[in-house]
Amino acid sequence: MDINKLTGGEKAAIMLLALGEEHGAQLWEMFDDDEIRELSMAMSNLGTVDAELVEKLLLEFVSGMSSTGALVGTFDSTERLLSRFLPDERVSLVMDEIRGPAGRTMWDKLGNVNEVVLANYLKNEYPQTVAVVLSKIRADHAANVLGALPEDFSMEVVNRMLRMESVQKDILDKVEQTLRQEFMSNLARTNRRDSHETMAEIFNNFDRQTENRFMTSLEERNRDAAERIKALMFTFEDLAKLDPGSVQTLLRAVEKDKLALGLKGSSDTLRDLFLSNMTERAAKMLREDMDMMGPVRLKDVDEAQMMMVNIAKDLANKGEIMMADGNSEDELIY
């Protein structure tokens, strides 16, 4: 690491690490939120800083101090340091913003942002700015983002990219700073999941008996929370909301023995929906398989139904089927 190539923020971050918690606390208290974010970002991306560089910096700041060893700036050490003198909620806000999606640099982080999310942000930017951004991320990700942008706008971006020469460092720095302040910070905030969503996923993976036990207990203690979790859960019976094309896609993805086991414990309505979307011969064979099973354990039925729900969710995430959530806007009209 060359001292001459360090930014002011990186130099300040190294100095604060060198000063440590006890001596640096009073300095941190004098910074505003934007300065803390900038210093925290620089600090968390430093990695190992050798002792020679630390000493040069200390001399540069006319501190008369020398380092006794190497410093390692990480997310954890940064968070611990901030926690010594900032309120917990303020530390959480700063760390959420600097962590963002996975990646060491801003461009690495952008490469891990969903292409639709990134496209929705970029479509409101100047085409030249978008061209710079897409030129800095992976080609496969840039292709997906271009495909998600409005057609006329995306073609303008393509033309700008074709005419673009090497981008000056100050322009890149400005684009990067804007992305960090306007996009990544908002993304970190909006990515904070509702705890009820997390709990609904956990409840979805309970067997029927455990789910009933927890839900009954929760209803007694916090009925509002129980109702919110119920509304967010996607159960096996919710597969009845699938349109015929989605049912047929799901049928092709589920193993026949698991399908028979899952439908054996389903309602007549749901069983008829699946059977009606099969060929007459396939439907007859499935009925015979269910009859031949005889009595089956509830645990085995639950596992088969949970597997079908998880497959349906995966297919929905890939855009291969559509899963309505019960709102009137998602109802299908034929």
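**Entry 1: the ring pair**

I noted before anything else that this is a predicted model. I looked up F203 and found 3% relative accessibility, and the limit for buried is under 20%, so F203 counts as buried. I then searched the whole structure for aromatic pairs and got 1. The pair is made by F203 and F214, with ring centres 6.4 Å apart. Their planes stand at 75°, and over 60 degrees counts as edge-to-face, so I wrote the pair down as edge-to-face.

For F214 I found 37% relative accessibility, which falls between the 20% and 50% limits, so F214 counts as partly exposed.

**Entry 2: the nonpolar cores**

I kept one general point in mind: in soluble globular proteins, nonpolar side chains tend to be buried together. The largest nonpolar core here has 25 residues. I asked which of its residues touch the most other members. They are L239, L250, L259, F274 and L286.

I then listed the elements that give two or more residues to this core: helix 15 (244-253), helix 16 (256-264), helix 17 (268-276), helix 18 (280-293) and helix 19 (298-317). Helix 19 gives the most, with 5 residues.

**Entry 3: the cavity**

Rolling a probe the size of a water molecule over the atoms shows where empty space is left. I asked how many cavities of 30 Å³ or more there are. The count is 1. About 40 Å³ of space lies in the largest cavity.

I wrote down the residues that line the largest cavity: Y121, L122, E125, T129, V175, T178 and L179. Helix 7 (115-122) and helix 11 (169-190) are the elements that give two or more residues to this lining. Helix 11 has the largest share, with 3 residues. By class, I recorded 4 nonpolar, 2 polar and 1 charged residues in the lining.

Technical notes:
Residues numbered from 1 in each chain as written. Predicted model: local features only at pLDDT ≥ 70, side-chain atom pairs only at ≥ 80, totals over all residues. Heavy atoms only, no water. Phe/Tyr/Trp six-rings, centres within 6.5 Å; stacked < 30°, edge-to-face > 60°. Buried < 20%, exposed > 50% of the residue type's maximum accessible area, 1.4 Å probe, protein only. Core = buried A, V, L, I, M, F, W, Y, C linked by side-chain atoms within 4.5 Å. Helix = DSSP H or I, 4+ residues; strand = E, 2+ residues; numbered from the N terminus. 1 Å grid on protein atoms, 1.4 Å probe; cavity = no way out; pocket = protein on both sides within 12 Å on 5 of 7 lines; lining within 4 Å. Points joined across faces, edges and corners; volume = space filled by probe spheres on them. Nonpolar A, V, L, I, M, F, W, Y, C, P; charged D, E, K, R; others polar.
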